[in-house]
Amino acid sequence: MKSASIVIDQSTTASKVYLIDETGTILDACSKTHNKYYPDKGWVEHDPQQIWEQVLECIRRLILAHGDEMKFVRASITNQRETVVAWNKETGKPVCNAIVWQCARTNDLCRKMIREGHEPFVLQRTGLKIDPYFSATKMKWILDHCEVDRQKVRFGTIDSWLIYKLTNGKVHATDHTNASRTLLYGLESETWDDELCTLFGIERSMLPDILCSDDVFGWTDLNGLLKEPIPIQGVMGDSQAAFYAQRCVHEGDIKMTLGTGSSIMMNSSKRQPGIDGLVNVLGYKMKESRAYGVEGIVNCNGESLNWAKEDMRWFFDYDELNEDLFERSSSVLFVPALTGLSMPYWNPAAQGMFIGVGRQSRREDFLLAVIHGVICQLCDALACFGSAGMPVRVDGGLSRNKFIMQLLADLSGRTIEVCEHPDLSAMGVWLAGSGKNDFKRKTNTLYPKRPDAWRQAQLERYHRAIDCVLMLANVKKEETEDETKI
């Protein structure tokens, strides 16, 4: 019988499960899209129970289809990072909906902590900024606003929740890459930091144990679907898993994962970034190896196109993002700050904006503006990483469109190396769990075709639009402060 790993990739948009054999070949896959909830302005939530049920249903379908011909040897998990689940350790029931990494509900708390002078300490310990993006303020919000028994509540990112469910409540654990995104993990100590926990009001008993990505996290019979349990081995946050799969093992290696949001990560032995906008990152930590890096975070890339497709209905199929669209000339410009601006501006109060709209503007103009805005935003992030000498290894959903990737090459002035594998996050965690060093990959390299003058003019226009967005965000901040004084 052929041996296969069950690899769970739980992302912001969907839960995917793959069967991957010992050569790294994807044998089959199942995917289910889950709901996103927006209960208040700037808030984003998931239903953790729905996520668990959908993951289990995908596993069930694959086992029913292949159980007679395959031996399942391990389960591995890669997941959206920073999203927080809280549950009661005795009942196993979630305290509330999961608070998603995109959620801006803790913006006021973050600003307050920054005004009080806590950010230099947090940055020194964690490598991260105080921002609603990260997990700790979400945990504090739950403790402050939900009915919680502090003795029984347990926190975790999505990987911890799935491990807990897969082991029938026996294991509360996470890996170092996910722990490092919480603002509670010390990069030097490589464990939960007591002073950080005190600062955010989180007790260590509420937090999961931290293991290396290639450790055995527990055993599971997949809720009774298997006669004999298999190990849960291979756990990693999705961006770090893609970093690992892209084999960014040398100084200066850089990758860009284009998902709902995007992560640009570069291997770097320097622990403190010298450029504002980048954060330190633990690239991966195995039992025998580790890598550090710096990361740029962009909140709203694929999400901007999802909004244009699902909410605005400016297109209905990704095949419409074709040559005819990209040859169009348009004066409309879009700043994709639908959930605030991340690097290099780090302004969660910023909102999206269209500029250059005229009576003659059409649906295609708005759609093209969204795409250009997304790519300009990525170029801003890439610029923080210095010179354009190294090719950028790109993966993720948007990388499948050759016109968008050529626009990225043209506007960034960089060589773009697109990996054509459908899911590098899944492959990264498969590598961690299986102990393999690499897998077969096919890449497509694109080079800039436009002159520098064109690129500079496009980016200058975008930056003027950014100035408008930031100005309005400051006006909004001042109005809010005035209302508070009244």
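**Cavities and a helix pair**

Lining the largest cavity are Trp 101, Gln 102, Cys 103, Ala 104, Asp 131, Pro 132, Tyr 133, Asn 299, Thr 339, Leu 341, Ser 342 and Pro 348. Keep in mind that this is a predicted model. In total, the structure holds two cavities of 30 Å³ or more.

**The largest cavity**
- Its volume is about 80 Å³.
- Sorted by class, the lining of the largest cavity has seven nonpolar residues, four polar ones and one charged.

**The second largest cavity**
- This cavity contains about 60 Å³ of space.
- Its lining is made up of Met 139, Phe 155, Gly 156, Thr 157, Ser 160, Thr 174, Asn 178, Ala 179, Thr 182, Trp 192, Leu 207 and Pro 208.
- Strand E8 (153–156) and helix H6 (176–179) are the elements that give two or more residues to this lining.
- Here the classes are six nonpolar, six polar and no charged residues.

**Helices H11 and H12**
- Two packed helices are described by the angle between their axes and the distance between the axes.
- For H11 (residues 363–383) and H12 (residues 402–412), the axes come within 9 Å and cross at roughly 45 degrees.
- Because of that angle, H11 is oblique to H12.
- The crossing of these two helices is right-handed.
- H11 makes the contact through Ile 371, His 372, Ile 375, Cys 376, Leu 378, Cys 379 and Leu 382, while H12 brings Ile 404, Leu 407, Leu 408, Leu 411 and Ser 412.
- By class, this contact has 10 nonpolar residues, two polar ones and no charged ones.

Definitions and conventions. Residues numbered from 1 in each chain as written. Predicted model: local features only at pLDDT ≥ 70, side-chain atom pairs only at ≥ 80, totals over all residues. Heavy atoms only, no water. Axes fitted to C-alpha atoms, helices over the stretch in contact; angles between N-to-C directions. Helix = DSSP H or I, 4+ residues; strand = E, 2+ residues; numbered from the N terminus. Parallel < 35°, antiparallel > 145°, perpendicular 65-115°, else oblique. Left-handed = near helix turned anticlockwise from the far one by under 90°. Contact = heavy atoms within 4.5 Å. Nonpolar A, V, L, I, M, F, W, Y, C, P; charged D, E, K, R; others polar. 1 Å grid on protein atoms, 1.4 Å probe; cavity = no way out; pocket = protein on both sides within 12 Å on 5 of 7 lines; lining within 4 Å. Points joined across faces, edges and corners; volume = space filled by probe spheres on them.
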